[in-house]
Amino acid sequence: MGSPESEEERFPDEGPQHRVTFTRGYWLADTPCTQALWVAVMGSNPSHFKQSLSLPVENVSWDDINSFLATLNAHCPMLNAALPTEAQWEYACRATSTGARYGDLDEIAWHETNSGEQTHEVGQKLANAWGLHDMLGNVWEWCAEPLGSYTATALVDPPAREAGEVGEIGEAEEAGPFRVVRGGSAGDGARIVRAAYRDGYRPGYRYDDLGFRLVRGQ
């Protein structure tokens with residue numbers, strides 16, 4: 001997990017690289033959560049870009065997503081849907097790849113030079129080796145745990161680190177530790193849209209490039 005020091009344009013908080021072991025498998029949605037699914041569960045659409053319900057839902061906070069998950073799981077008790085951990089997200093994003101990305105940037109991601117600075121319908125770009133679309137670009141994806149610093153210690157079934165407050169939140173002043181976001185967005189440049197890049201926001205922060213995808217454990 002993380003990037004090697006030799007990776008071009010890496011940031012220091014992407015390391016040190018460390019080994020992560022999963023003792024149980026998990027399923028990750030093949031696209032970010034769509035506006036169609038959010039509306040079906042919550043009855044309203046908070047998104048800024050609303051040209052199609054096949055666009056990823058955005059403008060949702062970490063707190064909003066947890067309300068969505070509670071409602072979804074109440075309707076489908078056996079689903080046990082959740083947000084992925086940061087390690088689950090990166091493992092699935094890489095899909096056995098070890099470079100900065102799992103393919104050519106323009107072919108796999110909507111980013112600042114090909115998106116028109118707006119989101120696009122999910123699943124239009126090439127998937128990674130495990131059939132997952134839009135792991136990079138289009139919308140940032142919230143993860144489950146607080147943002148914290150890496151160590152070289154090997155981990156089993158993380159998260160296993162303390163909360164940290166890393167990054168900037170602009171005008172947001174919501175309480176609570178920063179929560180991890182991964183993947184970059186349609187408005188971000190190539191340096192950000194990489195498998196190892198990481199950032200974080202307060203759990204109440206919303207913006208038109210913040211979305212998520214569902215995970216389900218065994």
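1. Strands here are DSSP runs of E with at least two residues, helices are runs of H or I with at least four, and both are numbered from the N terminus.

2. Before going on, please keep in mind that this is a predicted model, in which local features need pLDDT of at least 70, side-chain atom pairs count only at pLDDT 80 or more, and totals for chains, interfaces and linings use all residues. Residues are numbered from 1 along each chain as its sequence is written, and side-chain values use heavy atoms, with hydrogens and water left out.

3. Now to the sheet: it is open, has 3 strands in the order 2-9-3, and its pairing is antiparallel. Strand 2 (26-28) and strand 3 (81-82) are at the edges with a single partner strand each, so one side of each has no neighbour in the sheet. Between strand 2 and strand 9 there are 3 bridges; two strands count as paired if DSSP finds at least two bridges between them.

4. Do look at Arg213, in the loop between strand 8 (210-211) and strand 9. Arg213 is buried, at a relative accessible area of 0% (buried is under 20%, exposed over 50%, partly exposed in between, with a 1.4 Å probe and protein chains only). The side chain of Arg213 makes a polar contact of 2.8 Å with the side chain of Glu141. Such a contact is a pair of N or O atoms within 3.5 Å; within protein, one must be able to donate a hydrogen and the other to accept it, and residues adjacent in sequence count only if both atoms are side-chain atoms. A polar atom of the Arg213 side chain also lies 3.0 Å from the backbone oxygen of Ala29.

5. The largest pocket holds about 430 Å³ of space. A pocket is an open set of points on a 1 Å grid over the protein atoms alone, where a 1.4 Å probe fits, with protein on both sides within 12 Å along at least five of seven lines; lining residues have an atom within 4 Å of a point. Of its 17 lining residues, Met1, His18, Glu90, Tyr91 and Arg94 lie nearest the centre. Helix 3 (residues 86-94) gives the largest share of this lining, 4 residues.

6. The second largest pocket has a volume of about 220 Å³. Its lining has 15 residues, with Arg24, Gly25, Tyr26, Gln88 and Gly217 closest to the centre. Strand 9 (residues 215-217) gives the most to this lining, with 3 residues. Volumes are the space filled by probe spheres set on the grid points, which are joined across faces, edges and corners.
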